[in-house]
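This note sets out points for a colleague who wishes to read the model alongside its sequence. Please consult the structure below while going through them.

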Amino acid sequence: MTPMIRAQNITKTYVSKGIETRVLRGISLHIKKGEFVAIMGRSGAGKSTLLYQLSLLDTPTEGKIFLSDEDTSNLSNEERTRFRLHRLGYVFQDYALIPDLTAIENVMIPLLMQGMSQKKAEEKSLKSLERVELSHRKDNLPSELSGGEQQRAAIARAVVHTPDIIFADEPTANLDTVSSKAVLDLLLELHKKGQTIVMVTHEEEYGALAERIIRLSDGVVVS
Ligand code: ADP
């Protein structure tokens, strides 16, 4: 079976003030459809940088990334944006909700950007909020929600358009233990239903819940 994600010899080098920093030094990996993979390693190992390349939020210096067998290095900027909008979902450590929009309006954004009608987007978003047990808070602003609730709203937004892959960058970094567990439970539940998930975490306890751990050290995969 074709892997959902295939990375071939990815490198990423940042250049600032004439100084080159090689953050990823030749990473190749496969992630299967429906897998829940944790990317782990100590701070500075390159975990977030790898996630950004795999999720098309950034472009690698060298190497190729195939998502569902599509060579993403051939995509134009516009095609990359479309690919992200239609086929990928994102969860960030700071939730990345728009502060002036209510919970449900935040969840509706990807659908409206895809051109869905207001009414249909609202229906779908409400269902998505129900799935994360947040429908009773749908008209609240992010500032009126706890951190855990904000992250659950962000998950509702990440899955509302049924993406091929969810990318989560340290989704529990700013949460207490109880909220972290709730977020992990949600990801596990999505995984059980067949969702492909790639999550960066530095917390062993949460990484251990994934099906497989890809461990990075100094920009290379060590196990
Ligand atoms: P991790 O997620 O494992 O903590 P990161 O991927 O965030 O690691 O960062 C890896 C290294 O790359 C760090 O040393 C960081 O300082 C460097 N780095 C990350 N982003 C940039 C950037 N935009 N410019 C220069 N260096 C960067």
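Leaving aside its neighbours within four places in sequence, with which residues is Thr21 in contact?

1. Basis of the note. This is a predicted model, in which local features need pLDDT of at least 70 and side-chain atom pairs count only at pLDDT 80 or more, while totals for chains, interfaces and linings use all residues. Residues are numbered from 1 along each chain as its sequence is written, and side-chain values use heavy atoms, with hydrogens and water left out.

2. Thr21. Apart from neighbours within four places in sequence, Thr21 is in contact with Lys12, Thr13 and Tyr14; contact means heavy atoms within 4.5 Å. Thr21 lies in strand S2 (residues 19-31), where helices (H or I, at least four residues) and strands (E, at least two) are DSSP runs numbered from the N terminus. With a relative accessible area of 42%, Thr21 is partly exposed. Here buried means under 20% relative accessible area, exposed over 50%, and partly exposed in between (1.4 Å probe, protein chains only).

3. Thr49 and helix H1. Thr49 is found in helix H1 (residues 47-54) and is buried, at a relative accessible area of 13%. Leaving aside neighbours within four places in sequence, Thr49 is in contact with Lys12, Tyr14, Val23 and Leu24. H1 is mostly covered, as six of its eight residues are buried: Lys47, Thr49, Leu50, Leu51, Gln53 and Leu54. Leu56, which follows H1, has a positive phi near 65°.

4. Phe66 and Arg6. Phe66 lies in strand S4 and counts as buried at 13% relative accessibility. The charged end of Arg6 sits over the ring of Phe66, 4.1 Å from its centre. The criterion is that NZ of Lys or CZ of Arg is within 6 Å of the ring centre and within 35 degrees of the ring normal. Not counting residues up to four places away in sequence, Phe66 touches Met4, Ile5, Arg6, Gln8 and Asp71. The C-alpha atoms of Phe66 and Asn140, 74 residues apart along the chain, are separated by 39 Å.

5. Aromatic pairs. A pair of aromatic rings is described by the distance of the centres and the angle of the planes. Rings of Phe, Tyr and Trp (its six-membered ring) pair if their centres lie within 6.5 Å; planes under 30 degrees apart count as stacked, over 60 as edge-to-face and the rest as tilted. By this rule there are two aromatic pairs. The ring centres of Tyr90 and Phe92 are 6.0 Å apart and the planes lie at 0°, so this pair is stacked. Tyr90 and Phe167 also form a stacked pair, at 6.3 Å centre to centre and 25° between the planes. Because Tyr90 lies in strand S6 (residues 88-91) and Phe167 in strand S7 (residues 165-169), the pair ties together parts that are 77 residues apart in sequence. Both Tyr90 and Phe167 are buried. Tyr90, Phe92 and Phe167 form one aromatic cluster.

6. Helix H2. In helix H2 (residues 77-87), the buried residues are Arg80, Phe83 and Leu85. These residues pack against strand S4 (62-67), strand S5 (70-71), S6 and H3.

7. H3 with H5. Helix H3 (residues 103-113) and helix H5 (residues 147-159) pack at an angle of about 20°, with their axes 8 Å apart. H3 is therefore roughly parallel to H5. Axes are lines fitted to C-alpha atoms, for helices over the stretch in contact, and angles run from 0 to 180 degrees between N-to-C directions. Angles under 35 degrees count as roughly parallel, over 145 as roughly antiparallel, 65 to 115 as roughly perpendicular and the rest as oblique. Asn106, Val107 and Pro110 in H3 meet Ala153, Ala156 and Arg157 in H5.

8. The axes of H4 and H5 come within 9 Å and cross at roughly 130°, so H4 is oblique to H5. This contact is made by Ser128, Leu129 and Arg131 of H4 and Ala153, Ala156 and Val159 of H5.
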